[in-house]
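Please examine the sequence and the three-dimensional structure shown below. The paragraphs that follow lead from a single residue to the wider arrangement of the protein.

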Amino acid sequence: MDVGDDDVRLVLVQTFKRASVGDLEHERLAVELASTYAQTENQKAFGVEFVRLLKFALVVYKREPEVERIIDFAARFAASFNTDDDEHDCLDNFFTFFVDFLLKNHDAQNKAVRFRICHLVRRLFAQLGDKAVLDEVLDGLCDIMLERLCDRVSTVRQQAALALTHLQDPVDPNCPVTAGFMHLLERDPYPEVRRAVLLSLSPSLRSLPYMLGRTRDVHESVRKAAYEVLAKTVHIDGLKIAQRVSLVRQGLTDHSQGVRNTVRSRLLPAWLQSLNGEPLALLSRLDPESDIDASFLVLRALFANRACDVKREFAMLHEGLIPISGLTLEGALYWRFSVELLRETGGTQSEEKMEELLAEPLRYTKYLQDYICSISSKNSSNSDDLFCVDNIRKEMIAQQLVCLAKYLDLSDEAGRHKLLTTVSHLLSDSFLPLSLAPPLASLLFTLETLPDRRLQLVAEIVSELRDPFPVPQPIDAETIRHDELELARLRVRMHEMGVTLDSCVQAKEYERAAELKTELGRLQTSLETLKKQSDLIALDSTHEVEQKSDPSSLLRCLALLEELLKGCHPGTAISPILLELLNTLVLTGVTSEDPQVREVAVRCLGGIGLLSCPVAFQHLPLLLQMSQLDEEQVRVAALHSIFDFIQLFGLEALEPHDPRGSPTGDLKLDELEDSPKEHVEKAMATNILKLLTALLDSESAEICAVTSEGFAKLQACGRLASPRLLSRLLLLWHNPSAPGGTKLRSCLATFFPGYAAACRSNRDVLANSLLPTLRTLHSAPISSPLASVEPLKVVRLVVGLSDTSPSNTRQWNSVLAQEDMSVHESLALQLCNALLEELNDPETKEAKTSWWTIVLLKALAMLHVSGTEHSTMQHLQNMLQRIKAGTGDRICKQLAKKAMTNLCKNVQAARDCTALSTDGLARSAPSN
C-alpha cells in the first residue's frame, strides 16, 4: 500500500521523537522507517523531509544526549541502504541523496553544522563497518573529511579525524589520510585534536615515530592516549630496544600520576602478556646492559600492580645461589630485585623467604670471590676485542652480585669477617675491572662502620695498589757458591790460627803469638769485607718497584677514596692520613694526562675540601683554572666542587682580613675595574663570580646548565642576592637558543617559583631584576636570539611571582601578604622613573612613542599595588600624570590611563579593607 506525503511527514516526526528518547529502539525504528520508505510514492519527498527534520539537530553545537541519539539513528538508517543488492535507481536511492546532502553542506558557515556533519560521517562509517561499498560516493565523503581536518574549529577537526579512522591505508606510503593525521599530530595546538588523531591513527613504519613522539606531549591526556594506543596496537617486538627503554623510562618517571598509572596498568601488562608472563623475557627485551635503572623501574611497576599476571617463581635458584654456568644479567637483576623487595616488605615470612633466596654469608662470599676472580683472570689473559661485550656483561652481573652481598645476614661474625677480608683482597687486586671498584668500595664501607678504620683500610689498599712489595731477582748460583766457599775457608783458617795462637801463648812464644795475632786480624778484615760484598749482592738482587701512577691504578684508588668521602659529613676533621692521600694521590690524579682520572680526582678534591674551609680555598684557584681550560667532563666536575664550596662556606670566607664579615650580598659584577684598593676582598669575590658568570655564555650545554644550576642554588640559599644575576638567569630561561637545553629550562622552571615563595627579600631581588632584563631585550640586535623574546612574557612572569595580592592564583597567606605590601610599589616606582627618563631623553622626545615606552606602560598596568602607603600612592599618581602629559601618542595615553585606573582601584580597595578592619575592631571592643 502506498503512503502519502502527509503520512510520511507524520511518521518521520514520530520516528525522530522516539529515536531521541532512547537508543534501544533504533534498530527496530530503522526497519520500520525503511518499510515506510519502500511504500512511499514520492521517495524524493521522503528524503527531503528526513533532511529537514535532521537539520534541527545539525544546528545544535552542544553535546546534548537527544541530539546525539538522533545523529546515531540517522547514520544507522542511512547505512541500511548501502547494500550490493540495491535495485533502486541512483537518483531515487536514499543513501545517495543523504550523502549528497552531506557533501553540499560540510563547509557551512555555522560551526555547529560542520561539527554535526563530521559527527554524522563518523557514525555512518561506524555503521557501515567492513561491509561498506567503496565507490565514488564514499570517496567523496573521504575528501570532505580531509578538508575538515584543516577546519579552524578544533572540535570539527577532532570529529573529522575520528571519522577517517577506517579510511586510512597503513601500507600505502602516499595515503592522504595518514599524511593528514601525522600533520595534525605535530602541528595542531589543541590536545583534544591530537588525542583524537592518536586514537584513530593505525601504526605503521611511517606513523610509529609520530606516535612515539606524542609520549612526550605537553598535555597529560595526549601522553596517556599515546601509551594506551601503543599498548593496544603495537607489539613489543615491533619496537626497537632504544624505543622500549625510552618508553618505560619516560612513562614511569613522568610527573603526572595518571601517565605513570597508564604505563603500569596498560603498557607493561600488554608487553608481559605477549611474552607469556615471563619477567626475564621482558627484561631481555629491554637490554639491561644499556640501562639497568629502567629494568628496575619495570620490575617495581610490575610487582606493584597486583592485577598484572607475573610469574613470580624463581626457578634458577639452587640452595640460595644461581649456578655460575646459568647466571645471566636478567637473572641477576631479578634475583637482586626479589631480595630487595623482601627486605622492604619485612616480617617473619619475608625473613624465611630470604633464607631461600640468599645463601649464608660464607657460601655466598666464596661464590662471589670465584666469579669476580674468573672475570679478573680472563681480563688479564685476554685482550681481544671480540670478548669486550661478553666481559662488560659479566662485569654488570658481578655488580649485581656485589649489591646482593649487602643483604646477607651480617650478624654472623665469621661470615662478616670473611666477606670483609675478601672484599679487601679483591680491591687490592690490580687486575680487578674498574667498573667493580665503586660497588666493592661501597660494600666495604657497609661492612666497616668505624670512620677511622675505614680510612685505615683505604690507606692500606691504596698502598698495596700503588706501592707493591719488592720483587727478588735471581742471582748467579756459581757466584753464591764461590762466596760461600771463601767464607768457609776464612772461618776455618781463623779457627786454626786461634788454636795455634793459644798454644804459642801457653808455650810462652810471644813473638810467634804476636805474628799470629796480626795475621788473625787480617783474616778478620777479609771476612768482614766478603760478608759486606755478599750483602750488597743480595740487596742488588731485590728490584726496587716505583710507585704506580698509571691511569688504571689511579682510577681504582680514587674510586675507593671517592666512596669513602661520600660517607663523610661536612665539618669532619681531616686526619693526617687523609691529608697524605690528598697530597700523594689526589693531586697526582689532578695532574694526570688521562681526563677520566682528572675528573675523579677533581671530585675527590671537592669532597675533601668540603671537610675543611682552608683546604677548600687553598685549592680553589686550581679548580677555577680547571673549570676554564680542561676537558668538558673535568670542567663540569670542577664547577660542581666550586659551587659546593661557596654554598657551604660562603664567599665571605675568601676575605683573609675579616673572615667573620657580613655576607657577600649583592655583588655588582660590572664594577670590577672601578673597585678601590680598600675593597680587595670584595674584588676577589667579584673576580670569582665574574669568571663563573662568563660560563653562562658557554657553547657547551652541560657547562651552561651546571653553571646556571649552581647560581640558582647560591641565590636560593642566600649566599648571593644579585638582581643582575637573576636577570641573566631570566634571559637564559627565555632565550630560544640557550645551549643548556631541557636540563637548564627544567632547573630554572623549578627555581624561580620556589625562590619567589621563600621570603620577602627574594621577591625584592626578583622585582629589581625586571628592568635590567627588559633593557637587555630592548638593546638586543635583530640578529640576536633575544630579539624574538616577547618582553611582556617576562613581565608577566616576574609580576606573577612577586605578586602577593589575594587575587593571585598562588594562595599566599594573609600574614605574608601583609608583610609584602610594598613589593609592587617599589617596582612601580622603578618603572615610572624609567618612563620619565625615556620621555625626557632628547633622542626619543621627538618621537613621543617607542617600543620601550609601550612595554613599560603595559608592565605598570599589570602591577597590583597595595595602596596602603598614602604618600607613595600620591607620588605614583603624580608620576603617572606627568607620564600621561609627556607623551603625545594615543596608545601610550590609553595605557597610562589604564595604569592610573588600576592604581585608583587598588587604593580604593585598600581603603575599604581598612574600614572593614576598623569596624570589626570597634564591634568586638565592647564584647571584650
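This is a predicted model: local features need pLDDT of at least 70, side-chain atom pairs count only at pLDDT 80 or more; totals for chains, interfaces and linings use all residues.

Ser428 belongs to helix H21, which covers residues 413-428. Is Ser428 buried or exposed? Its relative accessible area is 18%, and because buried means under 20%, Ser428 counts as buried.

The whole protein gives the setting for this residue. Its secondary structure consists of 44 helices and two strands. Of its 928 residues, 46% are buried.

The interior may be considered next. In soluble globular proteins, nonpolar side chains tend to be buried together. The largest nonpolar core here has 161 residues, and the members that touch the most others are Trp335, Tyr364, Leu401, Leu561 and Leu692. Helix H31 (residues 632-649) supplies the largest share of this core, with ten residues. Another core lies apart from it and has 92 residues, including Ile70, Cys175, Val177 and Leu272. To return to Tyr364, its contacts beyond four places in sequence are Leu321, Trp335, Leu358, Ala359, Leu401, Leu404, Ala405 and Leu408.

Helix H31 also packs against helix H33 (residues 701-716), at an angle of about 5° and with the axes 10 Å apart. The two helices are therefore roughly parallel, since angles under 35 degrees are classed in this way. On the side of H31, the residues making the contact include Val636, Leu639, Phe643 and Ile646, while those of H33 include Ile703, Val706, Phe711 and Leu714. By class, the contact comprises eight nonpolar, four polar and four charged residues.

Asn276 has a positive phi of about 60°, although it is not a glycine. Asn276 is located in the loop between helix H14 (257-274) and helix H15 (279-286). Asp287, likewise not a glycine, has a positive phi near 55°, and it is placed in the loop between H15 and helix H16 (292-304).

Key:
Residues are numbered from 1 along each chain as its sequence is written. Side-chain values use heavy atoms; hydrogens and water are left out. A nonpolar core is a set of buried Ala, Val, Leu, Ile, Met, Phe, Trp, Tyr and Cys residues joined through side-chain atoms within 4.5 Å. Buried means under 20% relative accessible area, exposed over 50%, partly exposed in between (1.4 Å probe, protein chains only). Helices (H or I, at least four residues) and strands (E, at least two) are DSSP runs, numbered from the N terminus. Contact means heavy atoms within 4.5 Å. Axes are lines fitted to C-alpha atoms, for helices over the stretch in contact, and angles run from 0 to 180 degrees between N-to-C directions. Angles under 35 degrees count as roughly parallel, over 145 as roughly antiparallel, 65 to 115 as roughly perpendicular and the rest as oblique. Ala, Val, Leu, Ile, Met, Phe, Trp, Tyr, Cys and Pro count as nonpolar, Asp, Glu, Lys and Arg as charged, and the others, Gly among them, as polar.
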